[in-house]
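Q: Could you take a close look at how the parts of each chain are laid out and where they touch? I'm new to this, so please spell out the terms as you go.

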Amino acid sequence: MKVYPIEENCISCRYCEVACTMVHSASKDPVKAYKLEGLLPRATVEVKGAVSLSLMCRHCKHPFCFDSCISGAIQVGEDGKVYLDEERCVGCWNCVLVCPFGAAHPFISDNEKKRHSFKCDLCGDRGFPACVEACPNRALVYDFER
Amino acid sequence: MLFKKPQVAFYPFMVLRDDYKCVRCKSCVDQCSFDATYYDEDLNMIMNHHENCVNCKRCEAFCPTDAIKVVKNPSTFHPDANWTPEAIRDIHVQMLTGAIILTSTGNDKPIRNYFDHLLLDACQVTNPPIDPLREPMELKTFIGRKTDALEFDPDGVSIKTTIGKQLELEIPVLFSAMSYGSINLNLQKAMARAAKEFGTYWNTGEGGLHRDLREYKECTIVQVASGRFGVDLEYLETSAAIEIKIGQGAKPGIGGHLPGEKVNEGIAQTRMIPVGSDAISPAPHHDIYSIEDLRQLIYALKEATNYEKPVFVKIAAVHNVAAIACGIAHAGADAVVIDGVRGGTGATPKSLRDHVGIPIELAIAAVDDRLRKEGLRNQVSLIAAGGFRSAVDVLKAVALGADAVYIGTVAKLAAGCTQCQQCHTGRCAWGITTNDPRLAKRLNPDIVAENLYNLLRAWAHDIKELLGAMGINAIESIRGNRLRLRSWGLTEQENKILGVLPAGM
């Protein structure tokens, strides 16, 4: 299963971005997530004129990021989801470069001690993607392979 | 303000932002369609052009951290009962532009709302109320010409009389005319779906019927207005009823003007005009200058559709509305639609919106009275429009004598509208009164159709509860039953026009 954006319904409100940042934060507070924890969203809204859509990891069947990963941080699970182990990641940015969707992002902490890439994990233990739940115009659906 | 006329600084609204809560997600920047919000990269701050803010509250609604509040500008003019800020700003606008002031939605002046001065009856002891959750209640309403009398077969059981085509409503509420152009297709789609699902009707307005909506034929009322946009035989036939629009409550006596820049491919095709050309509805129908002329059009439409469609005539409630409504009944219409002074619109001169017409409550009472006196009441249904806010207003209107009620503003509100009065700009931030593809997609027809259905369902429940309290189990029994109404705080003359007794009598 993965998150599918519905371009015709996306109103570029960025709820998906903020919801994503919030649920991935330690504080579970959107303001603290951005301002104290310095987190960034894993889903990003792309806007060009009337076209807009929320973009996040496509959990590809044959992921380029997996092929390019030098540390083995990126793995394809048996459930078909692409996992990125942030602890194992060395921050070479190969995945950031090769992802055709621009869905893998680099993270460097303020003190530059932490360095790893990050991407949509379909909200892991949460069970249901926060972006889909937050979307006010039904522009995101969590569904099986189409 | 630099490079601006000094009067621009006296803007009415301000955007307040709690900078601590703002996470710079820029949602507000994207949502604002009036250029009132922008992001300054050097300062890493969201900034505002307050003078452009129209108080549509889109940014407020879509701020994920609740950091924004749109407020009235605390800087006001010197308090003056005559020279209100609105009066002063209107002078400023006109002295700078030399133009009439355009606005939209309905009359926002404190004209007495008679619904607020009417009280409903309830049963106590001698005439028991009905519990609508336990006993069947009927809101079914039929719109169309009724017979003068019933004739029976010699067996005394079967009815010989035949009756013309009727519109069957599950609730005495219909969606009023809002044209494709003034609103976008998404809202029309939502209204059509909700109407079909609930068992009522929606109205195309004067802008024709888009191909995609022809499947909703059974619940569509098509309008024929002075511009005759999109009218052909197929259009007339793809309907449950036809409405001739003579006037509109928000702008009685004037026509309409959809500017050419708004006429895109879809609108052009539906209205049957070239892309980019102004769509002008003349003030009069150039073929109607008398009741006899109106009769000709009514029968031309009936003839064209093989007498299968009821024909409505819609007029604005003006001073001698009762006499005009009688004329319409004589002309052969199946229903008279009256649009009161609080009726809404997509664009109108402010002076007309606020000062022309009469309240719908008085118009319903006057028209119902006059039609009864002339023995015409059974020949036409009476549909009221303009300013209905709740199920209670609907019930009071029915008690005053209306058969059904048109709701337009309510449908818009259910789609997200915040009544910011900017429909005429075509920049509606809620994606309702705009055809800009970036904005129109904000209105998801699936969601709005559900909202509208919920609203009708809630109103039906409300009306049933009120009827039950009155000991009535069918809306038919309250129709024109002004004995179940009492007024408070009205003059004797007003009570006489409304045909109601003051509370206590």
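A: Let's start with a contact: in chain A, five residues of domain 1 meet nine residues of domain 2, where "in contact" says that the C-beta atoms of two residues, placed from the backbone, lie within 7 Å. This is a predicted model, where local features need pLDDT of at least 70 and side-chain atom pairs count only at pLDDT 80 or more, while totals for chains, interfaces and linings use all residues. Residues are numbered from 1 along each chain as its sequence is written, and chains are lettered from A and ligands numbered from 1 in the order in which they are written.

On the side of domain 1 of chain A that touches domain 2 of chain A, you'll find three nonpolar residues, one polar and one charged. Here Ala, Val, Leu, Ile, Met, Phe, Trp, Tyr, Cys and Pro count as nonpolar, Asp, Glu, Lys and Arg as charged, and the others, Gly among them, as polar. Domain 1 of chain A covers 1–56 + 130–146, and domain 2 covers 62–119; such bounds come from an automatic or database domain assignment. The centres of these two domains of chain A, taken over C-alpha atoms, are 19 Å apart.

Now for chain B, which splits into domain 1 (6–77) and domain 2 (141–502). Their centres, again over C-alpha atoms, sit 37 Å apart. Nine residues from domain 1 of chain B and seven from domain 2 of chain B make up the contact. The domain 1 side of that contact in chain B has four nonpolar, three polar and two charged residues.
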